[in-house]
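I opened a new notebook page today.

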Amino acid sequence: MKKPIIGITPQLNDSGDIVSRPGYIECIKRAGGFPIILPFEENIDQTVDLCDGFLLAGGPDFDPVLFGEEKLSCCGNISPQRDEYELRLISAALASGKPILGICRGVQALNVALGGTLYQDLPTQKPSSVCHRMTVVGSDVIHSVDILEGSPLRALLNTDRTMVNSYHHQSIKNLGRGLEITAVAEDGVIEGVSLSNHPFCHGLQWHPERLENKDTERIFAALIRACKI
Ligand code: MN
C-alpha cells in the first residue's frame, strides 16, 4: 500500500551536510508514513506537490531580521539558507492545505511565516523558574504543559496536562495570523499552536520524537492520518 510521503525540513551541519535527526524519520515510519529529507530544492511548487505532508524540524535560531528585530547578542546561531528556504516552503505548504507538523524551531518557523515574532532568548527576555533548555539529550521530561480546553490539541491528546521535554531557548512572542494557542507551560511560554481553518497544522515547542509515549504516538498517527493520498 502506498504510504503518505512526509517531507522533513533539512538541517545543515557544520560541514554543510544535509541531515535529519533519526527520531523524526523513525516516528514517521512507525506511524505508517514515508519520510524524505527535503534537499533545499528551489522548485517549491514541485516539492509541495511531491509531499503529502510536512514535518518542520528543529534546528538553529531564526534570524530576527525576518520578524523585524535586530539580532541581539543573546540570540544563537542562525542559518540564513534554511530561513529563506523554510519561509518559502511553509507559505506554499500552507496554501496547499496539506498537513503540517512543526516541532521546536518548526513551530517558530510557522509563526514567523505567518507574521509572528519570537523571544530571541527566554532567560534574557522572559526569565522564569521553568527550565526550557535541558542539557541532557534523552527520553526525560522536564516541565508540564497545559493543553487548552476546546483546542485541536486537546482533542488529539485527550488530556488537559502532560509532561514534556524542552530543548529551546526561544519561543513564540506575538502570534502569527490565524494561529491559536493550544498548549502553555507554567510560566506562560507558548508550547503549542494550531492554525484555525486548516485541516491539520500543529506546532509544538517540545520534541515528541524524543519521547516514547502515547502523546507521541497520537501526534504522529494524526499527521499520517490527515494526509490524503
Ligand atoms: Mn519548554
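I began with a term: a cavity is a set of grid points where a 1.4 Å probe fits but cannot get out, and a lining residue has an atom within 4 Å of such a point. I also noted that this is a predicted model.

**Entry 1, the cavity.** I looked up how many cavities of 30 Å³ or more there are, and the count is 1. The largest cavity has a volume of about 30 Å³. I listed its lining: Met 163, Val 164, Trp 206, Pro 208, Leu 211, Asn 213, Asp 215 and Thr 216. Two elements, β9 (161–164) and α7 (214–226), each give two or more residues to this lining. I sorted the lining residues into 5 nonpolar, 2 polar and 1 charged.

Next I turned to the largest pocket, with a volume of about 570 Å³. I found 26 residues in its lining. Gly 58, Gly 59, Pro 60, Arg 133 and Tyr 167 lie nearest the pocket's centre.

Which residues coordinate the manganese ion? I wrote down His 132 (ND1), His 143 (NE2), Ser 166 (OG), His 168 (NE2) and Glu 191 (OE), at 2.2 to 2.3 Å. Along the sequence, the donor residues follow the spacing H-x10-H-x22-S-x1-H-x22-E.

Are Ser 166 and His 168 buried or exposed? Ser 166 has 0% relative accessibility, so I count Ser 166 as buried. His 168 is at 3%, so His 168 counts as buried too. The cut-off I used for buried is under 20%.

Note on methods. Residues are numbered from 1 along each chain as its sequence is written. This is a predicted model: local features need pLDDT of at least 70, side-chain atom pairs count only at pLDDT 80 or more; totals for chains, interfaces and linings use all residues. Side-chain values use heavy atoms; hydrogens and water are left out. On a 1 Å grid over the protein atoms alone, a cavity is a set of points where a 1.4 Å probe fits but cannot get out, and a pocket is an open set with protein on both sides within 12 Å along at least five of seven lines; lining residues have an atom within 4 Å of a point. Grid points are joined across faces, edges and corners, and a volume is the space filled by probe spheres set on the points. Helices (H or I, at least four residues) and strands (E, at least two) are DSSP runs, numbered from the N terminus. Ala, Val, Leu, Ile, Met, Phe, Trp, Tyr, Cys and Pro count as nonpolar, Asp, Glu, Lys and Arg as charged, and the others, Gly among them, as polar. Donors are N, O and S atoms within 2.8 Å of the metal (3.2 Å for Na, K and Ca); water is not among the atoms, so sites may look incomplete. Buried means under 20% relative accessible area, exposed over 50%, partly exposed in between (1.4 Å probe, protein chains only).
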